[in-house]
Amino acid sequence: MRIIRYFVLGAIAALGLALPAVAAERAIIVLDGSGSMWAQIEGKARITIARETLSSVLATLPDELELGFMTYGHREKGNCADIEMLVDPATGTGAAIAAAADGINPKGMTPISDAVRLAAEDLSFTEQKATVILITDGLETCEVDPCELASDLEARGIDFTTHVLGFGLSDEEGQQVACLAENTGGKYLSANDGAALVDALTATVAEVAQAEPEPAPEPEPAPEPVADYNLKPTASLSEGGPDIVDGAADLVWEWHTVAADGSKGEYVGTGYYSTFKETLEPGDYIMTATLGYASSSQPVTIEAGKVATPHFVINGTILKLHPMASEGADVDEDATVEIRHAGEYVTTSYGDIDLVVPAGALEVDVSIGEAKVTRTYDAKAGETIDEDVIVGAGTASIVSEYVPGTPVAADIFIEIVEAKAALDGSRKSVASGYGGQKMFDLPQGDYVATYRLGGAEGEVPFTVTTGERIEVSIVMDAGILAVTTPGDNFVEILSASKNLEGTRTSFDSGYGPDLQTTLAAGDYIVATRLGDAVTETPVTIKGGERFELTVEAPVGKTK
């Protein structure tokens, strides 16, 4: 704590906040309230260090300074508009700012640029001198260019300055936010490690001490620190296993009141990460710890003056599966992975997976296209299952053409069926889709690609081999027939010859005045009904060609 306190004290002194020369200035401190502020330094969360340091520093500031306090990312996740002025700029706001900082519960995004802009506007930066002090441990996450913003504020402001204090940022990361200070004539101060921080800021802290009229008396021995929370839970994947810590995974904590029958009552709150701690009203609660898809609940009692430290055993397994079509292939990011636990559905994920799931009987279906394998595991709590899953799939690339060199642009229907027929002659359908070019991932085996486009249909056999791609060419030897009728007349395309029963095969039908269909090369009869009359016109279709037929209204009835 001593190192970070020196950092903030020294930084604010360097910016002039502890000196009478800036008493006439108005400034706003913008404190990072995003989820990363739960990260720890020397065993203590950054947000806790910031709270305690602000409380100490603000007590030493001149009463004449008009100081406000703003934060962001403290109310909800994923919301770049989560920015709030907690204390308006005024004199004597030190205690109010410290109290506001104590209430911040980091959880969301890092809208640095918009927060600085709003702070500048609240300070009327286009009308008077204004200073914004940004304290952040992260980079902009809301797609606004901080450098461009700083240049704009500098150009429009009367005397606008931004100072940036960076917690734990690398040199490269610091350069991405330093422009907020540099482009407005401010300072960027970085704290990268404890030893370097002490050496770099000792002189600055000394400058603060010289500004005071009299040396402060030796402080009395500090009392034992009192915890600013009464709940600090921990969790592990297995009984006796190591505690889950930051960087390994994200814990979610949720607590409810206790209903009359002992079950969960009303929802009270939610917290995040292994560093979570909270202050709750004394009483009984039911608390749940969740990591991925594994969770554990238990009753927790909060007593006045005591810190509850319940431990949760989540009984979870880390499941890492890498779906591949064949041995040595790349992970298929389109693979589907469905997970069940004790027969109950858990989740569906895609591609390479790394999840925490409940320990016990697991059943996992891994699919690449129409190829699928099932894996079963007797998963132990705390263990990691990490394996390549070879699905055994090959790819059939199907290209359809009217004749060689003339691709099908229409919506041809392709259905893949198994080559082996059942006793009744039917074949099992495996996959289907529309389009002149289609890709199907299939298990190894023999198949038939059937096709249908208008009145043309047929089939092409092919064989799929695991890990290989086969090009399947459908050449229909077909052309297009376009029929124009006087009105919305019924049109039917029939075979030119009759079968033994004296009937013709129907290939396609529809209504005018414009009907178009695809037909295999050959001879046909176009039968058109015009009122009570039927006309029959013979046509010959050639592969790759278009035949246009105009049917005129007949003088009399024909048969």
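Which residue in S32 stands opposite Glu492? The views below come from a predicted model, and the first one gives the reply.

**View 1. Strand S31 pairs with S32 and with S34.** Ser509 is the residue of S32 that stands opposite Glu492. Strand S31 covers residues 490-495 and is joined to S32 by five bridges. These two strands run antiparallel. S31 is also joined to S34, by six bridges, and this pairing is antiparallel too. Here Val491 has Thr528 of S34 as its bridge partner.

**View 2. Phe125 and Phe160 form an edge-to-face pair.** A search of the whole structure gives nine aromatic pairs. In this one, the ring centres lie 5.6 Å apart. The planes of Phe125 and Phe160 meet at 65°, over the 60 degrees needed, so the pair counts as edge-to-face. The two residues are 35 apart in the chain. Phe125 lies in the loop between helix H4 (112-122) and strand S6 (130-136), whereas Phe160 belongs to strand S7 (residues 160-167). Phe125 is buried, at 3% relative accessible area. Phe160 is buried as well, at 2%.

**View 3. Phe507 and Tyr524 pair edge-to-face.** Their ring centres are 5.2 Å apart, with the planes at 85°. The pair links distant parts of the chain, 17 residues apart. Phe507 sits in strand S32 (residues 506-511) and Tyr524 in strand S34 (residues 522-530). Tyr524 is buried, with a relative accessible area of 6%.

**View 4. Ring pairs build a cluster.** The members are Trp253, Trp255, Phe276 and Phe312.

**View 5. A lysine charge sits over a tyrosine ring.** The charged end of Lys77 is placed over Tyr272, 3.8 Å from the ring centre.

**View 6. The largest nonpolar core has 25 residues.** Ile29, Leu31, Ile47, Leu54, Leu67 and Phe69 touch the most other members. At least two core residues come from each of strand S1 (26-32), helix H2 (46-58), strand S4 (66-72), helix H3 (94-102), S6 and S7. H2 contributes the most, with four residues. Leaving aside residues up to four places away in sequence, Phe69 touches Ile28, Ile29, Leu31, Leu54 and Met85, among others. Its contacts also include Leu86, Val87, Ile97, Ala100, Ala101 and Ile104.

Terms used: Residues numbered from 1 in each chain as written. Predicted model: local features only at pLDDT ≥ 70, side-chain atom pairs only at ≥ 80, totals over all residues. Heavy atoms only, no water. Phe/Tyr/Trp six-rings, centres within 6.5 Å; stacked < 30°, edge-to-face > 60°. Buried < 20%, exposed > 50% of the residue type's maximum accessible area, 1.4 Å probe, protein only. Lys NZ or Arg CZ within 6 Å of the ring centre and 35° of its normal. Pairing = 2+ DSSP bridges. Core = buried A, V, L, I, M, F, W, Y, C linked by side-chain atoms within 4.5 Å. Contact = heavy atoms within 4.5 Å.
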